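Student: I am new to this structure and would like to go through it step by step. Could we begin once it is in view?

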Amino acid sequence: MAGAAEHTFKLHHFLSPKAPAHTQMLVPWAKAVEENSGGSVKIEIFPSMTLGGRPPELIGQVRDGVVDLIWTVNGYTAGLFPRTEVMELPNVYRNDPKAANLALYDMFEDDLRSEYKGVEVMFLHTHAGQGLHTTDKEVRTPDDMKGLRLRTPTRTGAWVIEALGAAPAAMPVPELPTALQKGVIDGAFIPWEIIPPLKIQEQTQYQIEGAGKARFGTAVFQVSMNKDRWESLPEDVQKAFRDASGPEWWGKVGDIWRGTDDFGINFATKAGNTHITLSEEETNAFNEALEPVVNRWVEEVAEKGIDGQALVEKARMLVEKHSN
């Protein structure tokens with residue numbers, strides 16, 4: 001009979017145990033670490049905030065050592081990860097989560113690591129990008145957005161909404177179905193993959209994206225460990241985590257999120273929802289309307305001494321490289 005694992009970890013996150021992020025990403029990653037460790041590591045996953053608190057508190061929980069590991073959305077704590085926000089921007093992130101994740105991997109050591117104080121990052125990733133979900137409004141031009149109230153998880157997402165003449169409403173994704181149902185908001189910027197677990201097809205009629213699956217920006221997520229816990233681990237255990245979290249995994253996570261996104265939109269259309277893919281011309285009109293968001297971000301981070309323009313150029317170059 002195998003002995004008990006020598007090192008046990010609690011991984012806390014905000015989505016349900018049925019969400020693809022849990023079943024297709026977090027569970028396989030935890031199993032890979034456990035296998036790499038030869039049985040000396042056990043990772044217990046606690047979904048749906050079962051250890052207490054609200055989603056924006058996850059980064060504080062792991063920094064304070066209340067939990068060992070977390071999966072969270074960087075944008076839930078606005079301004080805490082300003083450099084990493086570059087990948088959220090419209091016209092930087094376009095439509096390819098795998099390319100975005102590999103670009104984040106390439107940028108991490110030189111450009112991003114400094115803002116992850118108190119944690120050791122296992123991996124970063126984006127989702128397939130912000131598609132527009134509306135309760136009853138067909139949207140084909142930036143003008144069609146005027147006056148709508150839309151949910152977003154990030155401050156860069158809020159700037160996208162403002163640039164299009166709509167009003168942003170910030171809330172963690174588990175609160176979204178009720179807000180749609182009660183008419184508190186007219187729609188949301190979220191990926192398609194969240195449709196099945198939250199039954200978004202029941203509260204919306206339209207799902208809208210650009211040509212070639214182009215999206216209106218994205219969100220960046222992290223799986224991170226408490227820094228003190230990480231530094232207390234023997235080298236072979238650290239290696240078990242590192243080997244499960246290399247560039248191949250960052251890329252694979254992009255494939256996982258693309259696959260779950262395709263499943264989500266098919267789920268909505270089968271339920272009778274209308275999936276609108278904008279023409280090239282319509283997509284370009286949105287891209288033009290959203291370029292000021294990139295400029296706004298560059299100016300904003302300059303106040304923190306960050307060369308945002310250089311980060312934008314580097315991120316675009318790396319996304320292009322990994323898209324080919």
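Student: What should I keep in mind about the model and its numbering?

Tutor: This is a predicted model, in which local features need pLDDT of at least 70 and side-chain atom pairs count only at pLDDT 80 or more, whereas totals for chains, interfaces and linings use all residues. Residues are numbered from 1 along each chain as its sequence is written, and side-chain values use heavy atoms, with hydrogens and water left out.

Student: What is the radius of gyration of the protein chain, and what would a compact globule have?

Tutor: The radius is taken over C-alpha atoms, and the globule rule is 2.2 Å times the number of residues to the power 0.38. For 324 residues that rule gives a radius near 20 Å, which agrees with the value for the protein chain, 19 Å.

Student: Which residues touch the most other members of the largest nonpolar core?

Tutor: Such a core is a set of buried Ala, Val, Leu, Ile, Met, Phe, Trp, Tyr and Cys residues joined through side-chain atoms within 4.5 Å; buried means under 20% relative accessible area, exposed over 50%, and partly exposed in between, with a 1.4 Å probe and protein chains only. Buried residues make up 56% of the 324 residues in the protein chain. The largest core holds 103 residues, and those touching the most other members are F14, W29, I43, W71 and F241.

Student: Is T260 buried or exposed, and which residues does T260 contact beyond its neighbours within four places in sequence?

Tutor: T260 lies in helix α9, residues 247-270, where a helix is a DSSP run of H or I with at least four residues, a strand is a run of E with at least two, and both are numbered from the N terminus. Its relative accessibility is 5%, so T260 counts as buried. Taking contact to mean heavy atoms within 4.5 Å, and leaving aside neighbours within four places in sequence, the partners of T260 are P20, Q24 and E193.

Student: Why does E235 count as exposed, and what distance separates its C-alpha atom from that of R54?

Tutor: E235 lies in helix α8, residues 235-243. Because its relative accessibility is 70%, E235 counts as exposed. E235 and R54 are 181 residues apart along the chain, and their C-alpha atoms are separated by 33 Å.

Student: What is the phi of K199, and what is the phi of K213?

Tutor: Most residues other than glycine have a negative phi. K199 is in the loop between α6 (195-198) and β9 (206-209), and K213 is in the loop between β9 and β10 (220-226). Both have positive values, K199 near 55° and K213 near 65°.

Student: Where does T277 lie, and how far is its C-alpha atom from that of K213?

Tutor: T277 lies in strand β11, residues 274-277, and is partly exposed, with a relative accessible area of 42%. Leaving aside neighbours within four places in sequence, T277 is in contact with R140, E209, G210 and A211. T277 and K213 are 64 residues apart along the chain, and their C-alpha atoms are separated by 7.6 Å.
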